[in-house]
Amino acid sequence: MGAALERVIKSLNKDFKNKLIVQGTEFEDCEKLALTSPRLNYILHGGIPVGRLIEFYGDEGGGKTTTAMDAIGKFQQSEDGRQALWVDVEQTFDSEWAAKIGVNVDDLLLYQPDESQGAETILETVLALAKTKELGMIVIDSIGALSSEKELEEDTTLSDKQYGGIAIPLTKFAKQMIPIASRYKCTVIGINQERELINSTYGGKRTVGGKGGKFDVSLRLTFRKGDSFNDKYARVSNAEECPVGHKIEVAMTKSKTGAADRRNGFYTLKYDIGIDYIYDLIDMCVNKLGIIEKSGSWYTVPGMENPIQGTDKVYKFLEEHPDTLK
């Protein structure tokens, strides 16, 4: 680097009061926050990126909110020490389910906007809170429930057409939040919904909030509800009266913080315990990593003298041997 360029960079960084221009070895790799499911961490090459904007979207009941709660819980268990904020636009936050997923609800900041607050006010509030540097994670649930201030005006009728809607404030919010999130390492997860395209010849779906948002996020994950299962993890039909859980199918549609070579996967959700870490770990060790050998229904687990038969017995063994599980 030439002397003139180095001098100008030092002067600019001093004026900015931050080290915005760096060279070579001063680059920082993107930090990741590991989630509960090892299968999901495998897809994401270690977890969700810290200090970035992330979008979870998909069908209803697909697991978007549950996965966001898991992210909050894992953040609270980290050594960060800052607060997490849940923006409950839909007014549907379930503290009991959140606690089961791993959220410390007593330490969680909950913001429930009232009916008079439009998207502009809500997003400005989130920006103001993020600028305090004291938030490490923000979840907005959900983008599809936001309404622009124009839509909330008293003289607006149901038949009035709104152009732009929440797309304009969302775009402005993303542009302002990106540098704040990066500088203060505050992860922002926006939960979005998909809507049917009623004016398209070929049908299809798209997310709420315009097309701009997908370009501003660093990671996009889409969620679908997979097969339900019984207490033996056997698949049951959707007509089953009392399944014990279901698979959450996850597809990565965009990643700027890791290779996109593991695009599709799933994780296991049980209604009594939340995310089934041990079952997913067994699946990973058998099918992806080769740590556990499988021959038919027989499993050879490291640390065991003899093979054991059946996934349920492997599960029980790992529960009873935390050192092997670790």
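1. Of the protein's 326 residues, 43% count as buried (under 20% relative accessible area, with exposed meaning over 50% and partly exposed in between; 1.4 Å probe, protein chains only). Please keep in mind that this is a predicted model, where local features need pLDDT of at least 70, side-chain atom pairs count only at pLDDT 80 or more, and totals for chains, interfaces and linings use all residues. Residues are numbered from 1 along each chain as its sequence is written, and side-chain values use heavy atoms, without hydrogens and water.

2. On the overall build, the protein has 11 helices and 17 strands (DSSP runs numbered from the N terminus: H or I of at least four residues for helices, E of at least two for strands). Its C-alpha atoms fill a box of roughly 65 × 65 × 45 Å along the principal axes.

3. Contacts (heavy atoms within 4.5 Å) are worth a look too. Among those with a separation of 6 or more, 64% join residues 24 or more positions apart.

4. Leaving aside neighbours within four places in sequence, Ile189 is in contact with Ile48, Ile54, Phe56, Ala68, Ala71, Met137, Ile138, Val139 and Ile140.
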